Every structure is written in C-alpha cells, then in structure tokens.
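Please keep the model open while reading.

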Amino acid sequence: MRKIHLKKGLMLKIPQLSGSPIFYGTILLSTAEMLPIYEALPSIIRHATFLASVALILLDTLQIKKYSVDFFCTIGLAILINIYAYFQIYASWNFAYYLVQVIRGWLFVMLGVYYSCYGNDNEKKIITYIIVTIAVVTAITSTITVKSYPEAVRALGNADLHAGADVQYLYVRNTANWGILYGNVFLIPTLINKYKRRKAKIWIVVLLIIEFFILSSQVTFGIIFSLMFLIFLFIKPFDAKKMVLFIALFIGTIVLFQNYLDDILYFIRYTILDQFDGLETLKNRIYELYRSVQYGQFVGDGAARLELYSISLNTFLHYPIFGYNANSDVLYHAHVGRHSQILDNMAALGIVGFVPLCVLILSKGKSIYNSINTKESKNYQLLTYIIFGILALVNPVFNTPAVFLSVFLFPTLINTSDAVEIIPSNRS
C-alpha cells in the first residue's frame with residue numbers, strides 16, 4: 001500500500017497491484033461483462049478471455065478447501081438446473097452461449113462469496129475502481145450513441161435492431177445492451193451507500209452520469225428501478241418513520257390528484273417529452289399509462305405483460321412438480337410467457353427445479369449479507385436483493401451476468417472495504 005501525505009497530518013492510501021490469480025480472473029470477467037466493446041472483438045479472443053478468467057479463478061479456489069467445495073457444489077447444481085431449464089424452455093437458443101451466460105452469472109455470485117470471506121482489501125479496492133470506471137465510460141459512450149440511435153439499448157437487448165442498424169457497429173461504439181444497462185442500475189444503491197459513508201462528491205457525479213444514461217435508454221423498468229434507488233439518497237433504507245412518511249405522501253398525492261392523473265400524464269407525454277426527439281418508446285409507455293388511468297385497467301404493454309405472467313402462473317398450477325416443456329410453442333407463448341424469470345422458471349421447472357435454484361440464490365445472498373459488518377450497509381444490500389427479486393418477477397434476468405455482478409460481487413467489494421481511504425498520519 002503506497003501512502004501519500006496530505007495537509008494536516010493526513011495521508012492518502014492508494015491500493016497497489018496485487019498478484020493473486022483470482023484477482024486477475026475477476027478483473028477479466030468483470031471487464032468482459034461490463035464493457036460492451038468487448039462484444040465487438042473476434043470470437044476467439046472472447047472465448048480465450050473467458051477461459052482464462054475461469055482458469056485464474058479456479059487456481060485460487062482450489063487452494064481453499066471449504067470454499068472450493070461450496071464453489072463446485074453451487075456451480076455444478078446451478079448448471080444442472082439450468083440445463084434442465086434449457087431443454088424445457090430455451091432450446092431455441094444456442095446451447096454454448098446459454099451455458100456460458102449461466103456460468104458467468106454464477107461465477108459472479110461465488111466471487112461475491114469469496115471476497116466476503118477471503119478477499120484481499122487492496123484487490124477489492126482496485127476491482128472497485130475498474131468496475132466504476134467502466135460503468136462511467138459505458139454510460140457516457142452509450143448516451144452519445146442513443147442520441148443518434150434512440151432504440152440502441154433496447155434493440156441490443158431484444159436482438160432485434162430496428163432500421164437495420166448493425167450490432168457490430170453499436171458495440172464498437174461501446175453501446176450498452178439490456179443486461180449491461182441493468183448492471184448499471186444495480187450499481188446505484190451500493191454507490192449511494194458509498195457516498196453517504198465517505199461524503200465524496202465524485203460519487204454523486206458517477207451517479208448522475210449513470211442515471212442520465214438510464215433515462216436516455218428508454219428501458220421502462222430500468223428507469224423505474226433506478227429512480228426508486230435514487231430516493232435513498234434522501235432517506236435510509238428501512239428507516240421506518242421516513243419510509244412511512246414517504247409512502248403516505250405518495251399515496252396522498254395520488255388520492256389528491258386522482259381526478260387529474262390522466263391530465264398530468266397527458267401533459268407529461270405531449271408537452272414535456274415532446275421537447276425531446278427520439279424518445280418514442282418512453283412516450284408510448286406514458287401514453288399507455290395515461291390510457292390505463294382513463295379506462296381504469298391496464299392497456300398496451302402493461303396489459304400484455306400481465307397476460308404473459310398469468311400464462312406462466314397457470315402452467316405452473318397445472319404442472320407443479322416437474323414443470324412443462326414449452327419449447328414446442330416458443331413463438332406463441334401458449335404455456336410460458338417468457339417475460340418473468342420467477343414465473344417462467346416455476347412453469348418450466350416445477351417445484352423440483354425451481355425450489356433448489358431459489359435455495360442456492362438465497363443461501364449465497366445470505367452468506368454475503370452476513371459478512372457485512374455495519375447495519376446500514378446490510379440494509380442497502382437487503383434493498384438490492386429485494387429490487388433484484390422484483391426485477392426477476394417482471395423480467396427475465398438469469399441470462400444477464402452483469403446484474404449478478406452488481407447484486408452479488410460489487411456490493412461485497414465496497415461494503416467490506418473502502419475504495420479510497422484517508423487516515424490520520426502516524427508522523428508528528
């Protein structure tokens with residue numbers, strides 16, 4: 001650890017490069033996941049990078065008997081369950097791609113467990129710097145791209161590029177896809193906690209850059225969840241008095257203006273948003289909400305999603321033990337709606353597959369949560385888990401390793417150490 005002396009007997013501790021294999025493996029895996037331009041590299045380089053990161057992670061994993069048993073049992077069971085899910089619902093996908101995505105996601109879970117128990121503080125600080133830097137750079141480059149191609153993030157996420165835009169072109173411009181966008185969304189609560197602990201304004205700058213990107217992406221749930229997280233800049237998670245007051249004010253405002261909600265939404269849609277070009281998807285979502293308030297029931301995308309959710313739930317109720325093989329009707333969503341990770345997995349896996357998967361995630365999440373030594377940081381971690389659960393209920397997330405990085409690895413890096421530390425100097 002290199003020390004730089006500052007005024008008034010303070011010195012700045014700057015983490016120096018460490019050499020453990022798992023450290024380099026984590027950097028490789030995290031960079032490949034959160035940096036979109038990586039997808040523009042030749043496939044042989046991407047495959048080699050993934051294999052190298054796995055090899056480096058395994059080198060240290062094998063040195064710790066208790067952790068290695070946990071690691072291989074967790075990863076092995078997760079792979080088996082997800083292979084079952086593949087043949088039940090995802091067989092139209094490329095199997096190798098699907099399996100790699102599953103492994104990457106669960107590696108981030110287990111890296112979170114590793115750094116919560118065995119991680120070196122200097123390594124955690126450096127990895128934190130790298131992830132935050134990549135998030136900021138990606139947010140900036142993606143924001144620039146969506147100015148000329150507003151649907152870029154959504155299109156990359158849907159693998160359905162509108163207007164014939166080229167995927168490679170977007171990735172070369174370091175444009176985030178759907179998964180990376182949500183990876184940035186789930187960085188927010190941990191960054192807020194970091195700001196509140198250190199009071200360094202740089203974290204506010206980081207938050208604003210990321211939030212501006214999320215707003216420009218037009219991904220509805222991404223916008224909603226990020227704004228929900230930002231509320232906790234002003235109140236603490238699970239602060240009962242302030243939370244009750246906030247909810248009461250929110251409900252009171254809705255009740256007070258219930259007769260004018262459609263007018264307010266109409267004003268937002270046709271006056272405020274019309275000042276900005278390219279936000280057609282966001283404008284449509286606000287218009288659908290406006291119509292929903294008018295009719296007293298969901299219309300448009302909201303109504304369609306509820307229908308797809310109910311399809312998956314009904315299938316689970318009819319096939320509760322082993323689930324239903326829905327690959328034959330993948331295009332028609334006749335038995336699995338494919339818009340909710342939780343409900344879709346219930347329908348496709350049944351109790352036999354869904355319950356063990358939940359136990360795995362909850363047990364690893366609990367392990368990371370218990371390693372955090374301050375109540376406030378625990379609350380931010382719990383908040384992250386809760387919103388992650390809500391996201392899994394309303395969207396598919398298990399094929400987005402960036403979200404697992406942000407939910408399980410990144411909070412561990414910050415909540416069990418400080419990325420930059422100013423301490424009193426021992427010198428007189």
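Where is Ile 231 found?

## Basis

This is a predicted model, in which local features need pLDDT of at least 70, side-chain atom pairs count only at pLDDT 80 or more, and totals for chains, interfaces and linings use all residues. Numbering runs from 1 along each chain as its sequence is written, and side-chain values use heavy atoms, without hydrogens and water.

## Ile 231

Ile 231 sits in the loop between helix H11 (220-230) and helix H12 (240-256). Helices are DSSP runs of H or I, at least four residues; strands are runs of E, at least two; both are numbered from the N terminus. Ile 231 has a relative accessible area of 25%, so it is partly exposed (buried is under 20%, exposed over 50%, partly exposed in between; 1.4 Å probe, protein chains only).

Pro 189 is 42 residues from Ile 231 in sequence. Their C-alpha atoms are 9.7 Å apart.

## Ile 254

Helix H12 also holds Ile 254. Its relative accessibility is 34%, so Ile 254 counts as partly exposed.

## Confidence

The chain averages a pLDDT of 86 (the predictor's confidence in each residue, from 0 to 100). At least 70 is scored by 90% of the residues.

Where pLDDT is low, predicted coordinates should not be read in detail.
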